[in-house]
Amino acid sequence: MNHRRYISMVAVVIAIVAAAMHLLSTRPPAAQISHQLINVGQLERTFRVTVPNDLVTPAPLVFAFHGIGDSTDSMADYSQLDRLAAKNGFLLVYPAIRNGTWDAISVDPEMLDTNPDVQFFDALLEHMSSQYQINRDRVYLMGMSNGGSFVQLLANARSSKIAGVVAHSGPRPRSLKDAEYRFPILMIVGSDDFAASSMQTDLDYYRETGHAADLIVIDGLGHAWSTRSNANVWAFLTDHRLSR
């Protein structure tokens, strides 16, 4: 065989093997995805569930709330949280927004129990607990943008049930009072995000009121999810469990 041709064939084989290895390394770990419905009072609400094949038992449970203009599927795509769930064996629920926004704007702090989205969470938590063996000391919240603001409202309303919160690109609703229990919170925002200044103020508030709080600012990022921070997100959450 011609030496030059042999070299070319070896190079092609190496390229094919490298491409195959890259595909295997970037392919999301195995998980089962489903879209489901649940009745909350008179309302029918929808949500997306990711169940890893290698589910930890009892399972940590993470709720991921998308932003305005997003959907459960689009958040799964841009956040890559399905990959994180499959790799680490936690149950992942994406609740779907209703009427265009999570109810976290101009809320009455005395009426959080009647907030329809808080009631949606209550119903989902009980539903998931009836379907799977859940670790109730490891129920976590994540949210993007308006979803990031809502998870702070939700943690405030259900602080006895939430072990940790990640608020991405969503400032704290200003109408809230102090939570009954101090929940740990990680905030993430881009340096070029309009929410950056408000979230720095939120960090100061949380620390001054006794929460374990941290803020990651991603240099050059606008109003978008930082997938490179996903490992930090899970490291933060898995370090916290309810101790009440």
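Figure 1. Gln80 counts as partly exposed because its relative accessibility is 30%, and buried would require under 20%. The model shown here and in the other views is predicted. Gln80 sits in the loop between helix 2 and helix 3. Its phi is near 60 degrees, a positive value in a residue other than glycine. Gln80 also belongs to the lining of the largest pocket.

**Figure 2. The largest pocket.** The volume of this pocket is about 180 Å³. Gln80, Arg83, Leu84, Lys87, Asn88, Thr227, Asn230, Ala231 and Trp234 line it. Helix 3 gives the largest share of the lining, four residues. Helix 3 and helix 7 each supply at least two lining residues.

**Figure 3. The buried face of helix 7.** Helix 7 spans residues 230-238, and its buried residues are Asn230, Val233, Trp234, Phe236 and Leu237. Seen down the helix axis, these buried residues fall within an arc of 160 degrees, so they line one face of helix 7. An α-helix has 3.6 residues a turn, so residues three or four places apart point the same way. Asn230 and Trp234, both buried in helix 7, are among the residues that line the largest pocket.

Figure 4. The largest nonpolar core holds 46 residues, of which Phe63 and Leu141 touch the most other members. Helix 4 (residues 116-131) provides the largest share of this core, seven residues.

**Figure 5. The surroundings of Phe63.** Neighbours within four places in sequence are left aside here. Phe63 is then in contact with Val93, Pro95, Phe121, Leu124, Leu125, Val139, Tyr140, Leu141 and Met142. One of these partners, Leu141, is named with Phe63 as touching the most other members of the largest core.

**Figure 6. The hairpin of strand 1 and strand 2.** Strand 1 (residues 31-40) and strand 2 (residues 43-52) run antiparallel and are joined by ten bridges. Asn39 stands opposite Glu44 in strand 2. Two residues lie between the strands of the hairpin, where Gly41 takes a positive phi near 65 degrees.

**Figure 7. The cis peptide bond at Pro58.** Thr57 and Pro58 are joined by a cis peptide bond, with omega about -10 degrees. Pro58 lies in the loop between strand 2 and strand 3.

**Figure 8. Ser145, a buried loop residue with positive phi.** Ser145 is found in the loop between strand 5 and helix 5 (146-157). Its phi is about 60 degrees, positive although Ser145 is not a glycine. Ser145 counts as buried because its relative accessible area is 18%, and the cut-off is under 20%.

**Figure 9. His211 and its contacts.** His211 lies in the loop between helix 6 (196-208) and strand 8 (213-218). With a relative accessibility of 6%, His211 counts as buried. Leaving aside neighbours within four places in sequence, His211 is in contact with Tyr181, Arg182, Phe183 and Tyr206.

**Figure 10. The whole chain, for orientation.** The protein chain has seven helices and eight strands. Of its 244 residues, 48% are buried. Among contacts with a separation of 6 or more, 69% join residues 24 or more positions apart.

Note on methods: Residues numbered from 1 in each chain as written. Predicted model: local features only at pLDDT ≥ 70, side-chain atom pairs only at ≥ 80, totals over all residues. Heavy atoms only, no water. Buried < 20%, exposed > 50% of the residue type's maximum accessible area, 1.4 Å probe, protein only. Contact = heavy atoms within 4.5 Å. Core = buried A, V, L, I, M, F, W, Y, C linked by side-chain atoms within 4.5 Å. Pairing = 2+ DSSP bridges. Arc of directions from axis to C-beta. 1 Å grid on protein atoms, 1.4 Å probe; cavity = no way out; pocket = protein on both sides within 12 Å on 5 of 7 lines; lining within 4 Å. Points joined across faces, edges and corners; volume = space filled by probe spheres on them.
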